[in-house]
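Please look over the sequence and the model first.

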There are 2 protein chains.
Amino acid sequence: MIDRLIDAIIEKQNPTAVGLDTKYDYLPEDFRKALMAGVTKADVAERAAKAVFNFNREIIDAVCDIVPAVKVQVAYYEMAGLPGMRCFYDTLAYARHRGLVTIADIKRNDIGATAQAYAAAYLGSMSIEGKAVEAFPADFVTVNGYLGTDGIKPFADACRENDRGAFILVKTSNPSSGELQDLKVEDGRTIYEVMGDQVCQWGGELTGKYGYSDLGAVVGATYPEQGEALRKRLKSVFFLIPGYGAQGAGGKELVGCFDERGLGGVVNASRSILCAYKKQDTTDFALAAKREAERMKADIAQALEQAGKPMITECAK
Amino acid sequence: MIDRLIDAIIEKQNPTAVGLDTKYDYLPEDFRKALMAGVTKADVAERAAKAVFNFNREIIDAVCDIVPAVKVQVAYYEMAGLPGMRCFYDTLAYARHRGLVTIADIKRNDIGATAQAYAAAYLGSMSIEGKAVEAFPADFVTVNGYLGTDGIKPFADACRENDRGAFILVKTSNPSSGELQDLKVEDGRTIYEVMGDQVCQWGGELTGKYGYSDLGAVVGATYPEQGEALRKRLKSVFFLIPGYGAQGAGGKELVGCFDERGLGGVVNASRSILCAYKKQDTTDFALAAKREAERMKADIAQALEQAGKPMITECAK
């Protein structure tokens, strides 16, 4: 699956993903008003979820020729209960229908038997009375590795068996990520380096034609030095890079995460794209998102160029 | 909320929770056959989820006079998609209706803004057009603290504002939990001790009448020495203790997690209760679960007694 993501990145010459972390509040007022007139307490979640799906669909239509992937943050859908989860499912399905690689940002984690259930839910299927049930199919998921190997193996197995991928949290983009992740263990490595090294090991067998594995790592764009060092350290690990845009990082901050071919990561931006209409002073949120996605693509291409790492233009065979 | 859990534990003289980690395969064959006759690929998830809910309801009815709490592992519900999530919601609601404290075992984690969405989903509500939507209400959740303070604060805020609680992963029960958690950092503490100390600090303001905080810790029964040391170290932190029963630990292994009043933890068992009917060679799974819940209660009471820590019999005022 990592090969399919990298092929799509090269074809679109754009190593970015649009983050559909769609809070209801992000929807423009007029758009909401039109869809929510006369709403009651009984149907408010249902109708809000439908409004969010309509919004997502327009965003997907606007950006699907520009970006290779979307990342869908499940928390914003869980928050709206069952209608929200239906919207999550529909959003993943619609993005796939429009040819995008889908990343379900779920950060799941548990002991072996339970991790197996999560892997079945997002990267596989469960068999009931001989019938396969796919719950919330996605191409990639995000996973938290605090529980160690037996919490990761079921995801790695599902990646192998069903041609999917997973990004494991290594160095996250938030301000307090260093509290635990930057601590040094006795052999001198930081905890995020320990985690990174484990990802490298866990994913060793799953390496594809570009030398990257189906098991990748989450590395925040907000920590450029650490990103650069991790790129050198974890040669076979592809990065999912959050933190661009609203969280503060630009193209320059993240070139260190890329290799000499201009590959090695997919950069996610959510709020800066979903809410681009506010900055552009328009109500056409889809057009504004498209413009911002194009601006982001150009920003990163320019930064890679200036760093002497222009992206290769031919896919590997 | 921790006070309400401890009150219930004292009233029932039983520091245990039944884990509703209900895999479809756990349902007795006859029970399944009766509910699934003529099932098709189109309705298999829907009907399986209903069968699981019926099973859970009978288990809850059988144990609700014996145990103070249930822990519902969301992975097994996510695996069945939207019908599964409905079953998750219904199971939590039915347990609450029967007077049980509910623990949603979700192990969620994310950066601040997103953690806020998770907290709203399980420990609060979100406001849409001035109407409050409660997604999957539970009394407690489990949380993974790899992201540091800004990933925890939204949960702590929700605990304070809505009288709820959270258990943060400290030392998990699985075989490979030590790979990361047992590593020592430069000041000589293990990572699980670092995490435990943080839980203590995060939860400081939320301490109730028993001296325990609404922010507790997950400490696996499968590591008795570490549990005992953590009990001494983290005096204000209540433990959710998985690993009893099918994972291998018995009453003796976990007395170290308790204080001199016989308090300090709630012990979870899942498979050993849900599948007790197999060992007892009966199809009456509810009666078998009740017997096993009673056996577990007696086992832990005896172990506490022998350790010189019999549980107090009066609730604090």
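How many residues apart are A:Asp157 and A:Lys153 in helix H7 of chain A? They are four residues apart, so about one helical turn separates them. This is a predicted model: local features need pLDDT of at least 70, side-chain atom pairs count only at pLDDT 80 or more, and totals for chains, interfaces and linings use all residues. Residues are numbered from 1 along each chain as its sequence is written, chains are lettered from A and ligands numbered from 1 in the order in which they are written, and side-chain values use heavy atoms, without hydrogens and water.

**Interface of chain B and chain A**

- Chain B brings 70 residues to the contact, and chain A brings 70 residues. Contact means heavy atoms within 4.5 Å.
- About 6,100 Å² is buried between chain B and chain A. Carbon and sulfur atoms give 62% of that area.
- In chain B, B:Met79, B:Leu82 and B:Tyr146 lose the most area to chain A. Together they make up 13% of what that side buries.
- Buried area is the accessible area (1.4 Å probe) that two parts lose on being put together, summed over both.
- There are four salt bridges across this interface. A salt bridge is a side-chain nitrogen of Lys or Arg within 4 Å of a carboxyl oxygen of Asp or Glu.
- B:Asp110 and A:Lys107 meet in a salt bridge, 2.9 Å from N to O.
- Helix H6 (residues 112–123) of chain B gives the most to the side of chain B that touches chain A, with seven residues. Helices (H or I, at least four residues) and strands (E, at least two) are DSSP runs, numbered from the N terminus.

**Salt bridges within chains**

- The count over all chains is 44 salt bridges.
- A:Asp157 pairs with A:Lys153 in a salt bridge, with the closest N and O atoms 3.0 Å apart. A:Lys153 counts as partly exposed because its relative accessibility is 48%. Buried means under 20% relative accessible area, exposed over 50%, and partly exposed in between (1.4 Å probe, protein chains only).
- B:Asp182 forms a salt bridge with B:Lys171, at 2.8 Å between the closest N and O atoms. This pair links distant parts of the chain, eleven residues apart: B:Asp182 is in the loop between helix H8 (178–181) and H9, and B:Lys171 is in strand E7 (residues 165–171).
- B:Asp182 is partly exposed at 31%, whereas B:Lys171 is buried at 0%.
- B:Lys232 and B:Glu228 meet in a salt bridge of 3.7 Å, N to O. Both lie in helix H10 (residues 224–233) of chain B, four residues apart. B:Lys232 is exposed at 54% relative accessibility, and B:Glu228 is partly exposed at 38%.
- A network of salt bridges links A:Asp187, A:Arg189, A:Glu193, A:Asp197 and A:Arg233.

**B:Glu205**

- B:Glu205 sits in the loop between helix H9 (191–202) and strand E8 (215–219) of chain B.
- B:Glu205 counts as exposed because its relative accessibility is 66%.
- The side chains of B:Glu205 and B:Arg160 are joined by a polar contact of 3.1 Å.

How values were computed: Polar contact = N/O pair within 3.5 Å; in protein donor to acceptor, adjacent residues only side chain to side chain.
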